[in-house]
Amino acid sequence: MHIPPHDNGNAPIVDVDDATVPLNYFNIVKLTEGQSFDYRVPGYETCIVPATGTVTVETGGETYADIGTRRVDVFEGDPEGVYVPTDTGARITCRSEAAEVFVAGAKFADTLKPFAVQAADLDKVQYGSDDTKTHRRIAHILGAQYHDRVGRLLVSELFTVGAGGWSGFPSHKHDTDRSEDGEMIETRHDETYNFRFKPNYGSGVQMLQREDNKPGDAYHIMDGSTICLDRGYHPCAVLPGYEMYYFTILGGLSQRSLKQYFQPTHAEQLHTIPGIMDMVAKFK
């Protein structure tokens, strides 16, 4: 499902128990200097990530000051964030002239402890190549290194490298918990994206093929588009001459580790894209 860019007025774009991605929660909060925003999401753990601007976050009896270093746009530098436990109130206060803040969430019953993720704590990976039109880099904010501190939520930022190209290829899905010979070959993880482009009048396409070798859907994505993915294979592409970014939220049904199932028709492409298996390993 494509949610076009719009002014959400600090109200959730993907609310609790969403019809398409019930395991996800997503809000964009815009503040000016000195303004605060309070929220609490029962049944969902969340992560606060400034897209731009600097904020102070108060949650669970802790205060995390000066989170976020970017001023112009998401392409300017590395992200930072704060993990907010399930059923725990949080206050975001803008400390810069303005701030745009992503709030990512995943359904999870238990209440853990809050913590901050600084730029130096990020788990990064870069893979693909210009020749294969798959060159991209990933900054995992809540990645595999936090399996013992987070319930079901995975949060990352993904960038195309260079201008134009594909992301999320070879096509893969993660819409069913299933095993084979006692080993998980795919996990159910709902996924939500928010896209940005450089320059911001750039655009791209999000594909969604629900069955191998059968026609699927395609969505024209623009700066600020949100995509909710419940099932199917889902590569995306950016027009030549533009850079693409997307904020990624994954929420698991039964486990936090993600197991992607690659589309059989295109699975051989795993052997043509440099470094892609390192990318797969970092998501687990």
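Here are a few friendly notes on the strands of this predicted model.

1. Ground rules. Residue numbers start from 1 along each chain as its sequence is written, and side-chain values use heavy atoms, leaving out hydrogens and water. As this is a predicted model, local features need pLDDT of at least 70 and side-chain atom pairs count only at pLDDT 80 or more, while totals for chains, interfaces and linings use all residues.

2. Strand 7. This strand covers residues 81-84; strands here are DSSP runs (E, at least two residues), numbered from the N terminus. Gly81 and Tyr83 point one way and Val82 and Val84 the other, yet all are buried (under 20% relative accessible area, with a 1.4 Å probe and protein chains only).

3. Its partners. Strand 7 pairs in the antiparallel sense with strand 4 (residues 44-52) over three bridges, and likewise antiparallel with strand 10 (residues 115-117) over three bridges. Pairing requires that DSSP finds at least two bridges between two strands. Tyr83 is a handy landmark: Cys47 stands opposite Tyr83, and Tyr83 also stands opposite Phe115 in strand 10.

4. Strand 3 pairs with strand 8 (residues 90-94) in the antiparallel sense over four bridges. Within this pair, Ser36 stands opposite Thr93 in strand 8.

Notes: Buried means under 20% relative accessible area, exposed over 50%, partly exposed in between (1.4 Å probe, protein chains only).
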